[in-house]
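Notebook open, structure on screen. I want to look up a few things and jot down what turns up.

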Amino acid sequence: MWQDFTDYILNEVGENNVKIAEIAVGKFDQVAQRLSKEENITIIKTDINPNDSSIIKDDVTNPNVDLYKDVDIIYSIRPPSELQPYIVKLAQEIDSQLIIKPLTNEDLNTPKVKMKLKNFKKASFYILK
């Protein structure tokens, strides 16, 4: 499933030079690691409690918007439902595509916007373009 999720992002990017941000990374950064291997992708990872030096400390409820300057795609894997509206707000503020992969069978908490369910191979997630 994670390979399919990553492949979807890579398909969206194509050969364009893009900047991607993973929000609320936690301890699972397998997708970011794979994306960072691409020469045309610059990736930043943020979390309120970074667990290593590759993750930038940022609170998405009060984000440092300068960190996300020129970000083309924001994604978040299993973000807590209470953070989802803030992630949407940030993506809209910087005019970025958004991909949220919630926990299986979890409803999104994005009452002000309707995100589209996307099934790509074995991965299911929500997108907002």
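Before anything else, a term: I call a residue buried under 20% relative accessible area, exposed over 50% and partly exposed in between, using a 1.4 Å probe and protein chains only. By that rule Phe5 is buried, with a relative accessible area of 1%.

Ground rules next. This is a predicted model, in which local features need pLDDT of at least 70 and side-chain atom pairs count only at pLDDT 80 or more, while totals for chains, interfaces and linings use all residues. Residues are numbered from 1 along each chain as its sequence is written, and side-chain values use heavy atoms, with hydrogens and water left out.

**Entry: confidence.** I checked pLDDT, the predictor's confidence in each residue, from 0 to 100. The protein chain averages 93, and 100% of the residues score at least 70. Confidence is lowest in β6, at a mean of 92, and highest in β1, at 98. Helices (H or I, at least four residues) and strands (E, at least two) are DSSP runs here, numbered from the N terminus.

**Entry: rings.** How many aromatic pairs does a search of the whole structure find? I get six. For the record, rings of Phe, Tyr and Trp (its six-membered ring) pair if their centres lie within 6.5 Å; planes under 30 degrees apart count as stacked, over 60 as edge-to-face and the rest as tilted. Trp2 and Phe5 have ring centres 6.1 Å apart and planes at 80°, so I note that pair as edge-to-face. Both sit in helix α1 (residues 2–13), three residues apart, about one turn of the helix. Trp2 is buried too, with a relative accessible area of 15%.

Phe5 also pairs edge-to-face with Tyr75, at 5.9 Å centre to centre and 65° between the planes. Since Phe5 lies in helix α1 and Tyr75 in strand β4 (residues 73–77), this pair ties together parts that are 70 residues apart in sequence. Tyr75 is buried, as is Phe5. Zooming out, I see ring pairs linking Trp2, Phe5, Tyr8, Phe28, Tyr75, Phe120 and Phe125 into a cluster.

One of those rings has a charge over it: the charged end of Arg78 sits 5.7 Å from the centre of the Phe28 ring. (That takes NZ of Lys or CZ of Arg within 6 Å of the ring centre and within 35 degrees of the ring normal.)

**Entry: the sheet.** I traced an open sheet of seven strands in the order β3-β2-β1-β4-β5-β7-β6, with mixed pairing. Two strands pair if DSSP finds at least two bridges between them. β3 (55–57) and β6 (116–120) stand at the edges with a single partner strand each, so one side of each has no neighbour in the sheet. Strand β2 (residues 41–47) pairs with β3 in the parallel sense over three bridges. Asp47 stands opposite Lys57 in β3.

**Entry: two residues.** Contact means heavy atoms within 4.5 Å. Gln84 has its place in helix α3 and counts as buried at 0% relative accessibility. Leaving aside neighbours within four places in sequence, its contacts include Pro79, Ile100 and Asp107.

Asp4 lies in helix α1 and is buried, with a relative accessible area of 12%. With the neighbours within four places in sequence left aside, Asp4 is in contact with Phe120, Lys121, Lys122 and Ala123. Asp4 and Ala123 are 119 residues apart in sequence, yet 5.8 Å apart in space, C-alpha to C-alpha.
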